[in-house]
Amino acid sequence: MTEHKVGTREEWQEARDELLKEEKELTRRSDELARKRRELPWVPVEKEYSFETEDGTKSLADLFDGRSQLLIYHFMFGPAYEAGCTVCSSITDTIAPNAVHLAARDVTMLLVSRAPVEKLQAYKKRMGWGLDWVSAGGSDFNRDLGFTATEEELRPFLEGEIPPTVKEMAERSGTDVAGYVTEGPGLSAYALSDGTVYRTYVTSARGLEPAMGYYQLLDRAPRGRDEADDMPFWLHRHDEY
């Protein structure tokens with residue numbers, strides 16, 4: 001018999017109605033945060049960045065592809081990686097099919113990593129994504145946003161007790177821990193107005209959860225995310241389950 005609390009339909013409905021009030025409040029709060037996010041000041045991107053693409057070298061402005069808004073997911077795939085980060089791969093499974101809908105709303109969505117573009121395209125083919133993916137390996141683009149660190153900067157972490165999950169993620173990407181953690185995930189947003197590119201928003205860590213669609217669904221399943229520090233890391237690339 002289940003150890004979870006069991007009640008009558010009436011008891012469930014009463015508790016559900018109370019929870020719904022909180023869910024609606026969270027929705028209103030989320031709408032307010034979205035408004036404040038849009039009202040952040042825009043910062044002109046004055047540094048010249050170059051990106052290697054399937055169609056040659058492009059500037060940041062070129063990546064807008066004729067639209068006025070640009071969203072970039074900073075995918076952990078460093079020069080030493082043999083495969084893309086497992087978690088970033090799961091995120092891209094959510095992003096990729098939505099790119100066409102974003103394009104319809106004047107937003108170009110793409111991925112950027114520091115690995116060579118040929119390696120990125122091969123992995124993209126393996127995963128079956130149609131999303132554009134460019135290499136910033138020849139510029140400071142990721143580093144200037146805080147998504148690339150040096151081994152020296154990471155030395156305190158590397159000399160400490162490395163979490164088992166980090167070791168596993170590094171191994172899955174075909175690199176060592178130092179090579180793996182020099183990369184970081186993130187999302188950055190840009191606007192193109194009168195020929196000037198502006199940075200409008202940047203987030204990382206749990207700020208990326210909206211792009212992790214499976215978590216939003218698991219949060220509504222009976223056992224939720226069902227994760228704990230002493231449990232094996234469950235997430236895999238979609239072709240590895």
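**Notes on a predicted model**

1. Let's start with Arg 35, which is partly exposed at a relative accessible area of 30% (buried means under 20%, exposed over 50%, and partly exposed in between, with a 1.4 Å probe and protein chains only). This is a predicted model, where local features need pLDDT of at least 70 and side-chain atom pairs need 80 or more, while totals for chains, interfaces and linings use all residues. Residues are numbered from 1 along each chain as its sequence is written, and side-chain values use heavy atoms, leaving out hydrogens and water.

2. Arg 35 has a partner: Glu 32 forms a salt bridge with it, and their closest N and O atoms are 2.3 Å apart (a salt bridge is a side-chain nitrogen of Lys or Arg within 4 Å of a carboxyl oxygen of Asp or Glu). Because they are three residues apart in helix 1, about one helical turn separates Glu 32 and Arg 35. Helices (H or I, at least four residues) and strands (E, at least two) are DSSP runs numbered from the N terminus. Glu 32 is also partly exposed, at 28%.

3. How many salt bridges are there by this rule? The count is 21. One of them joins Glu 23 to Arg 16, with 3.0 Å between the closest N and O atoms. Glu 23 is partly exposed at 33%, and so is Arg 16 at 28%.

4. Now for a pair from further along the chain. Lys 47 and Asp 140 meet through their side chains in a salt bridge of 3.4 Å, N to O. This pair links distant parts of the chain, 93 residues apart: Lys 47 sits in the loop between strand 1 (43–44) and strand 2 (50–53), and Asp 140 in the loop between strand 6 (132–135) and helix 4 (141–144). Both ends are partly exposed, Lys 47 at 39% and Asp 140 at 40%. Elsewhere, salt bridges link Arg 126, Arg 237, Asp 239 and Glu 240 in a network.

5. Is Thr 86 buried or exposed? Thr 86 is buried, with a relative accessible area of 0%. You'll find Thr 86 in helix 2 (residues 86–103). Leaving aside residues up to four places away in sequence, Thr 86 touches Met 169, Arg 172, Leu 235, His 236 and Arg 237 (contact means heavy atoms within 4.5 Å).

6. Asp 106 has a positive phi near 70°, although it is not glycine. Asp 106 lies in the loop between helix 2 and strand 5 (107–113) and is partly exposed at 31%. Ala 205 also has a positive phi, near 50°. Ala 205 belongs to the loop between strand 8 (196–203) and helix 8 (213–218), and is exposed at 57%.

7. Back in helix 1, Leu 19 is partly exposed at 42%.

8. Finally, the whole protein. There are eight helices and eight strands, and the C-alpha atoms fill a box of roughly 65 × 45 × 35 Å along the principal axes. Of the 241 residues, 36% count as buried. Among contacts with a separation of 6 or more, 65% come from residues 24 or more positions apart.
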